[in-house]
Amino acid sequence: MASGLAACLPVLYRALDRQVTARYPHPKPPEGQLALLRYVAQHEGVTVREAAEALLMKPNNVSALVSQLVEQGDLERRRDSADKRVAHLHLTATARERVSEVRELETAFIRHALTSLTEGQQGALGSALDALDALTRHLHPGVR
């Protein structure tokens, strides 16, 4: 089972990513930027350090991504009122819309692919979601 999951999940991700890239009407950000934008969308006001821990990245790499995304107009850094050394990250309206577009495309592609499965296979995947969430939390305890 472990080797099957290790082989299947990256292929599933790449296949989905290719379909989204083909239909996304804007230039798709590199994966690191997109991962950070998605995380900030779900955790508005997160700090660079918190995002780095959650994404399993080095803080200096996340800081570089933040600088790129701020320059592109996708992220805003807002200084903490109590500690001026700390910045909280917020998506711009355009970035929020584009992250939502990507999520909608992903959902639509998966929904369509699920229709090709039998009811039993669909049920098995539905039942497996809790187990996959637990596995994710075990491999990366910082995930909520």
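Predicted model: local features only at pLDDT ≥ 70, side-chain atom pairs only at ≥ 80, totals over all residues.
Me: Why are H1 and H5 called oblique to each other?

Reply: The axes of H1 (residues 2-23) and H5 cross at roughly 120 degrees and come within 10 Å. Under 35 degrees counts as roughly parallel, over 145 as roughly antiparallel, 65 to 115 as roughly perpendicular, and the rest as oblique. H1 and H5 are therefore oblique.

Me: Which residues meet there?

Reply: From H1 it's Leu16, Gln19, Val20 and Arg23, and from H5 Val102, Leu105, Glu106, Phe109 and Ile110. They split into six nonpolar, one polar and two charged.

Me: And how do you know what to call the angle between H2 and H5?

Reply: H2 and H5 pack at about 100 degrees, with axes 10 Å apart, so they're roughly perpendicular to each other. On the H2 side, the contact uses Leu34, Leu37, Arg38, Ala41 and Gln42. H5 brings Ala95, Arg96, Val99, Val102, Arg103 and Glu106.

Me: Now H3. What makes its buried residues line one face?

Reply: Those buried residues of H3 (residues 48-55) are Val48, Ala51, Ala52 and Ala54. Looking down the H3 axis, they fall within an arc of 165 degrees, so they line one face of the helix. On the other side of H3, Arg49 and Glu53 are exposed.

Me: What do the buried residues of H3 pack against?

Reply: They pack against helix H2 (31-42), helix H4 (59-72) and strand S2 (87-91). Contact here means heavy atoms within 4.5 Å.

Me: Why does Thr92 count as buried?

Reply: Check the cut-offs: buried is under 20% relative accessible area, exposed is over 50%, and partly exposed is in between (1.4 Å probe, protein chains only). Thr92 has 13% relative accessibility, so it counts as buried.

Me: Where is Thr92, and what does it touch?

Reply: Thr92 is in the loop between S2 and helix H5 (93-114). Not counting residues up to four places away in sequence, Thr92 touches Gly73, Asp74, Leu75 and Glu76.

How values were computed
Residues numbered from 1 in each chain as written. Heavy atoms only, no water. Helix = DSSP H or I, 4+ residues; strand = E, 2+ residues; numbered from the N terminus. Arc of directions from axis to C-beta. Axes fitted to C-alpha atoms, helices over the stretch in contact; angles between N-to-C directions. Nonpolar A, V, L, I, M, F, W, Y, C, P; charged D, E, K, R; others polar.
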